[in-house]
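Visitor: Please show me the structure, and then let me ask about it piece by piece.

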Amino acid sequence: MIMNITHQITMKRTKYIFHLLLALCVGFVPVACGDDDENETGDIGGVVINASLSAPEVTDITYSQATVSATFSGSSVGVLKRGFCYAATDEPTINDNVVEGSSYNAVLAGLEAGTTYYVRAYAYGSENVVYSEVTSFSTLERTSEEVLADWLAPDYDDNYTSISGWSNRSKWNLANVHDPTVMKADDGYYYMYQTDASYGNAHEAGGHFHGRRSKDLINWEYLGGTMRTAPLWIKDSLNAIRGRMGLAEIKNPTYAYWAPCARKVKDGLYRMYYSVVVDNYIKTGAANNTANFDNSWTERAFIGVMETSDPASNIWEDKGYVITNASDKGLNWARTSVNDWNAYFRFNCIDPCYIITPENEHWLIYGSWHNGLAAVQLNPETGMTLNALPEKWGTASDIAPYGVRVAGRLATTGNYWSRWQGSEGPEVVYHDGWYYLFMAYDGLDVPYHTRVVRSRNITGPYYGIDGTNVTNGGTAYPIVTHPYKFSEGYGWVGISHCAIFEDGEGNWYYCSQARFPGGIDGINESNALMMGHVRSIRWTSSGWPVVMPERYAGVPQVEIVEDDLVGTWEHIDLSYQEGVQKTSTEMTFTADHKITSGPWKNGTWSFNAETNTLTANGVELLVQRECDWEAFPRHHTIVYAGINGTKTYWGKKK
């Protein structure tokens, strides 16, 4: 059927000129077709299209595209653009998806499988838009095999030494990532910022707290430093404190830039808390090295805050001082030797984590080694501490406003607090009525790993999965990540200081750095290679998070059935061993639901397809499809992660 539709829009002459210039100079211009435009009066400055279009004919329909054609009848005078508009709603306009061309034959590509679409031909002019009748069609369904076959694995090399230099930063993707923080902004991008660290210190050419962004968590665009030089307030604050302590000023402090935390505060406002460490001795102000050791501890760290309304600009405005180290030892900053670990400062003022509670309270969780992790409340409007802070030294009672301890580690011998304990990098998120505190344990080169505890209250007490009160200094369980190696590849070590975030649709992710093991042939200082890892998080039936053993790669989550689980698996017991890269052993699952080899030999297995839960040898394991990053070429596989008591398990289908 041929429809003669003349959708005339009367405009003032200025409006006509504006639209015509846009159409001629920059291409397609959407034209509103509502009653307001139709009711406008004034001079008519353009030519009204007087033509008709046939309803589109749709052929060659597949799961992702279709061919469309139509017939144009009448005068082409006044036609500026022509083509097809389409959408999954039943009355598409030129404000929806558009394919334009010189004739009425086109291919609609990039369609979703198994979806009904509506398409119209159109002719667009400065004064009106002519539409055809609507034709509907449905794309074909796809089999699971087809969906997975179309998925492409990431192809970048984890050994990024060949592109590690500053001139290759546009190729870095997730290379040279350390202590990442990730937030999702209103523009749909995930933004990542980090500690100043890179292989060969390549980052030093580009400022501090470097940023990158991604739409899919797989492909990341490098943005550059967010801070060009250290803010002047840091040196001023440092020397003002030193003056009150009776110490000489430090004219040229040595700075290190560590571990920011970025969050969306509200529409149009984002905050980034950052830490700058002054790496000079307290007594003399000399730079921190063995030759300069003066029997004093090194100086303090400062946490400051920056703000932006548009993270895409990568322009952040510094708002200044938030908090610094405070000591409960008065002015007794003496250190007996470089092997004295009885730290001068109570809490080390680095590694900020910023959280807004459901009650709209704003909190900063911070700390590293020294005396554990602390929480201090913030002013929501300013981002500074809610209450004024006293002088930076005194008794424990005097400096109490600097934060309440939420977690720490007792010394390995004796029931006392160590002033040099291997925990840092707090990350607190709220999920389903609980505050989950993720933290890094041990030294960052190899043994670095992640643990998690939880509390009903932001300030604790925080308990591990075994009921241990970690706020009182107990060992935290469960383990979330640990140095590991599957049968292929080098594996990874130093996997911690994480960012935990959600995509707005209920999907949670874990992001941290990971390092190559040391001593890899052909790679100079291989343990200095730091790759950013993004992994999917699942939540167990008892509410604890488990992190998938393979990195996120956008593998389609096609339904998993029992037959998919039959075969050989690589199984890793992530039980803690300091500095040990846990390796995999093979287990075989047979079709009769038995485990015939490996550490759970003679056990049985079952599968709940509704929850994607595999129960093997009595252990609840959450399964999903991920990328086999160690395979060559990389391909999709199925992985599992689960907790039993204080033990965490990872597995990958071979």
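Guide: Helices (H or I, at least four residues) and strands (E, at least two) are DSSP runs, numbered from the N terminus. This is a predicted model, in which local features need pLDDT of at least 70 and side-chain atom pairs count only at pLDDT 80 or more, while totals for chains, interfaces and linings use all residues. Residues are numbered from 1 along each chain as its sequence is written, and side-chain values use heavy atoms, with hydrogens and water left out.

Visitor: Which helix holds Ile241?
Guide: Helices are runs of at least four residues. The run that covers residues 232-244 includes Ile241, and this run is helix α4.

Visitor: Is Ile241 buried or exposed?
Guide: Buried means under 20% relative accessible area, exposed over 50%, and partly exposed in between, with a 1.4 Å probe and protein chains only. The relative accessibility of Ile241 is 3%, so Ile241 counts as buried.

Visitor: Which residues does Ile241 touch, not counting residues up to four places away in sequence?
Guide: Contact means heavy atoms within 4.5 Å. The C-alpha atoms of Ile241 and Glu391 are 8.8 Å apart, although 150 residues separate the two along the chain. With residues up to four places away left out, Ile241 touches Arg300, Phe302, Thr324, Lys392 and Trp393.

Visitor: Where is Thr540 found, and what is it in contact with beyond its neighbours within four places in sequence?
Guide: Thr540 is in the loop between β32 (530-539) and β33 (545-547). Its relative accessible area is 11%, so Thr540 is buried. Leaving aside neighbours within four places in sequence, its contacts are Val546, Glu620 and Leu622.

Visitor: How are the rings of Tyr190 and Phe501 arranged?
Guide: Rings of Phe, Tyr and Trp (its six-membered ring) pair if their centres lie within 6.5 Å; planes under 30 degrees apart count as stacked, over 60 as edge-to-face and the rest as tilted. The count of aromatic pairs by this rule is 39. For Tyr190 and Phe501 the centres are 5.8 Å apart and the planes are at 55°, so the pair is tilted.

Visitor: How are the rings of Trp600 and Tyr649 arranged?
Guide: Trp600 is buried at a relative accessible area of 8%, and Tyr649 is buried at 6%. Their ring centres are 5.1 Å apart and the planes are at 75°, so this pair is edge-to-face.

Visitor: Which ring does Arg335 lie over?
Guide: A charge sits over a ring if NZ of Lys or CZ of Arg is within 6 Å of the ring centre and within 35 degrees of the ring normal. The charged end of Arg451 sits over the ring of Tyr477, 4.8 Å from its centre. Arg335 is 4.2 Å from the centre of its ring, and that ring belongs to Trp297.
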